[in-house]
Amino acid sequence: MKRRTTLGLMAGALATPLLAACGDGKTGEGAGEALTVGMPNGPLANNSNPFTPTSSGNSLGYRWLVYEPLAQVNLIAPGKPPTPWLATKWTWAPDYKKVTLSVREGVTWSDGKPLTAEDVAFTFTLLKSTPAFNGDAIPYEAITVNGGDVEVGFTASQYINQGKILNTFVVPKHVWSAIADPTTDTNQNPVGSGPYTLKTWTAQVVTMAAREDYWGGKPAVPEVRYTSYNDNNAQTTALASGACQWSFVFMPDYQNVFVAKDSANHKLWFPSGLGIHALWLNCEGVFKDAALRRALSLVIDRVAIHKQGHAGLYPLVDSPTGIPLPAGEAFISAKYQGQKHAVDIEKAKSILTQAGYKLDGEELKDPSGKPVAFKLVDPAGWSDYLADLQIIADAAKKLGIAATVETKTVDAWTQALAVGDFDATIHWTNTGVTPWDIYANIMDGAQYKPLGETATWNLGRYRNEDATKALADFANATGETERKAALDLLQDLMVEQVPAIPLVAGPIGGEYSTKQWKGWPSQDDPYAMPQPTQPCASQILMKLTKA
């Protein structure tokens, strides 16, 4: 199953100094075998433009070995401050409408030219002037350079977008200012500040060579080979045989097909941040009535979905608020602390009866007398989602609801969701270091589009003025008391209105081998996200040493 992971990021501190204890990218030199990183993405086009979502650099993740972020934001540890990288410190204005970044000294581009504050300012200016590159719609204002510092201004509070801004990768002004159209340029000879350079490129294998002059020291891994396998099965086989040593691929029987092949060295770790996979409900269609949404939520066995649909790899979301634990523990309202979702068929039936629904034999009819039925849809081939849908369809039958599972192509499904042409579907939310992204993606009236018009989020067309206001209040609050009040209200709405049904958390995981290299992130040492396509790829490579 292939899905593009979109991550929302946010940092936590107003001002963060250089934290050497957290790792500043330096490591000892060494030599050893090449490391093969794989993804099940099939043949690729020769495009290393880091801004292009479909480029091979983005798809395989090697852009993060060439281009580096201002800070490394660890989504699986949302309470911890980011690790300084190309910025050694940053200070936010009290209203979060400006950030001052101190640019690291002594960094050179791979062509030997120095990286300066001018490059950082140019990068933000490029994002500001190129809507196609500003996917998070950051409202940039004035961008100025003051010695080794860069001040970036915004027209609105960026409290919820701190991490997205700190996670910005920097490009060299002397290269990109000469590109006629950055949106279409394929950047086949990338110049970056990262620990590796592009050595060779083919449609299946991209080879990266370690830099001798990298600011953090020469990486111990001398060469990284990014390989694009045709599908999940081919990727799993490569991991099991040891031909590939790092990947992120869904494998239902991972214990037997991967771990057991070399139990001493084959490892996987699938931690989650604050993002979820949920059953999105069309709130202007079959699921217009909150009573029906609440009843359906009560009969869905989330544990079965966690274990059967996702082989236990996607963490269970059992808080009624939809906030994943333990990552979101600090955000749970006192009202819901310790509460867990549990299947309760009798309570679900009672809710429906009180709302005017009636059983006619084994068929549930709504208050107008119409039989209740809906279609569950997701892309063909997405085996985990489709297994989830069947579990949900079987659960709905216990209420007398006829639910059927259908499939579409990925493109047809994506278009249907965008215009609201569906009853129910499993889809993901963005991930952040507060639950704001989860709730905004599902409930934000500011993102509402009428049926038939294209929506980016709020795909279920949920409309609630209190939710929209609470989301805005959280984003623009100047104090923690205001933010907590807004977040508590959003949790109430998720529990009472059920605009979508949380199922499992979105893992930022990976499979890897310790046979040749050690120092991988793990549950015992969660210094970074283990997924190879994330910005922390360079951080992980700089941490690895010969086994």
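**View 1. Helices α13 and α15 cross in a left-handed manner.** A crossing is called left-handed if the near helix is turned anticlockwise from the far one by less than a right angle, and right-handed if clockwise. This is a predicted model, in which local features need pLDDT of at least 70 and side-chain atom pairs count only at pLDDT 80 or more, while totals for chains, interfaces and linings use all residues. Residues are numbered from 1 along each chain as its sequence is written, and side-chain values use heavy atoms, with hydrogens and water left out. Helix α13 (residues 436-443) packs against α15 at an angle of about 50°, and the axes are 11 Å apart. Axes are lines fitted to C-alpha atoms, for helices over the stretch in contact, and angles run from 0 to 180 degrees between N-to-C directions. The two helices are therefore oblique to each other; angles under 35 degrees count as roughly parallel, over 145 as roughly antiparallel, 65 to 115 as roughly perpendicular and the rest as oblique. Helices (H or I, at least four residues) and strands (E, at least two) are DSSP runs, numbered from the N terminus.

**View 2. Residues in the contact of α13 with α15.** From α13, Tyr 439, Ile 442 and Met 443 take part, and from α15, Leu 487, Leu 490, Gln 491, Leu 493 and Met 494; contact means heavy atoms within 4.5 Å.

View 3. A salt bridge is a side-chain nitrogen of Lys or Arg within 4 Å of a carboxyl oxygen of Asp or Glu. Arg 483 is buried at 4% relative accessible area, whereas Glu 480 is exposed at 53%. Buried means under 20% relative accessible area, exposed over 50%, and partly exposed in between (1.4 Å probe, protein chains only).

View 4. Lys 484 is partly exposed at 48% relative accessibility, and Asp 488 is buried at 18%.

**View 5. A salt bridge joins Lys 546 and Glu 33.** The closest N and O atoms are 3.2 Å apart. This pair links distant parts of the chain, with Lys 546 in strand β23 (residues 545-546) and Glu 33 in the loop between β1 (15-16) and β2 (35-39), 513 residues apart. Lys 546 is partly exposed at 34%, as is Glu 33 at 36%.
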